[in-house]
Amino acid sequence: MNLDNCIDEKLTALDQVLSTNKRIKTFFPDKQACGEPSPYLDVDTQDEICLRMQTGEHITRGATTIAGWLGGIPTILSLTLIVDFNSFEDFYGILLFFVFLIIAPLLWDLFSPMPYPVIFNRRTQEVYAYFKGELYHTRWDRARAIAYEDYMVNQYSGKTNVGYLEILLQGYNDPDKWIWANLSMPLGRTIEMQSSLWEYLRSYMNNGPWFDEHGNPSASDRYNRQQLEAYHETTRQRLKAKRANIRPDDATSRLAYYVYLIWSPMEFLKEWVYAMALKRSVRTWPKEVQERLKPNGPTTSLTELQQTQNR
């Protein structure tokens, strides 16, 4: 099945399931989607080699460690005050509490499998995804994406827009197999927002790694860093913002700052756990992808590698 047939099938399916007010838009690598590129919350990391999409793990990764430490540290401190440590059993019991409440949650967050993000490799000009144990990819110059919009209604929030952005990828070991990989969080999105996200990805692949607010090439990473920091605020940034918001006539603002200051070690821990888990997760990709994500990795694409192997 070729690219055009896949897109036609997708459009036909959308025609059948979406409302009469449906909005559908197709994106291409060589056509501008809109004037203002924006990563929103969907771009996780970006450098000279590759761009990784968000999977939502930055929200949940480290939560188990925090829960274990919040319950474990007070428990262990209380036991050390109560127990006399006159026997090996007392010491062994404290050690078990420490392992199960402190060490085990940390190891779980560091080494449990992470969802695989969609990766845009600028050096080899291709896109990767790993889904259910199978590798999918496409050359950037052949990439096709589609955005479509629907809505859902419930008694709590009323009508909410749902905008999807998906890219078509081909199976690495099964060239006849294709999937549409979702690139962003659909809830609350519009086609205009998804167009801005695609334009950001297109600017990165075509004009990057750094570019300005119009998508033009730039020698400075200022605009990209500003965009990523705006949507991925760190604990240090939140602390500075809360401190700057303290007003002499508002005791609540001062209380909010000190409460967050007390809680901030847990947030720093969560950020560290996520960073370490993300670094480790790269080593779980197929070796063909791992090699191409290294600073000194090969510049050949997976398509070229396949062609070489089939000769």
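I began with the surface: the chain exposes about 17300 Å², and carbon and sulfur atoms supply 56% of it (Shrake-Rupley method, 1.4 Å probe, with only the protein chains shown counting as cover for residues).

I noted that this is a predicted model, in which local features need pLDDT of at least 70 and side-chain atom pairs count only at pLDDT 80 or more, while totals for chains, interfaces and linings use all residues. Residues are numbered from 1 along each chain as its sequence is written, and side-chain values use heavy atoms, with hydrogens and water left out.

I looked up the secondary structure and found 10 helices and 9 strands (DSSP runs numbered from the N terminus: H or I of at least four residues for helices, E of at least two for strands).

Of the 311 residues in the chain, 43% are buried (under 20% relative accessible area, 1.4 Å probe, protein chains only).

I then turned to the largest nonpolar core, which has 30 residues (buried Ala, Val, Leu, Ile, Met, Phe, Trp, Tyr and Cys joined through side-chain atoms within 4.5 Å). Met 53, Phe 120, Ile 167, Leu 183 and Trp 198 have the most contacts inside this core. Helix 5 gives the largest share, 6 residues. Apart from this core lies another, of 11 residues, including Ile 49 and Tyr 128.

Lastly, I searched the whole structure for disulfides and recorded 0 (a pair of cysteine sulfur atoms within 2.5 Å). Cys 50 is buried at 2% relative accessibility, and Cys 34 is buried at 19%.

How values were computed: Buried < 20%, exposed > 50% of the residue type's maximum accessible area, 1.4 Å probe, protein only.
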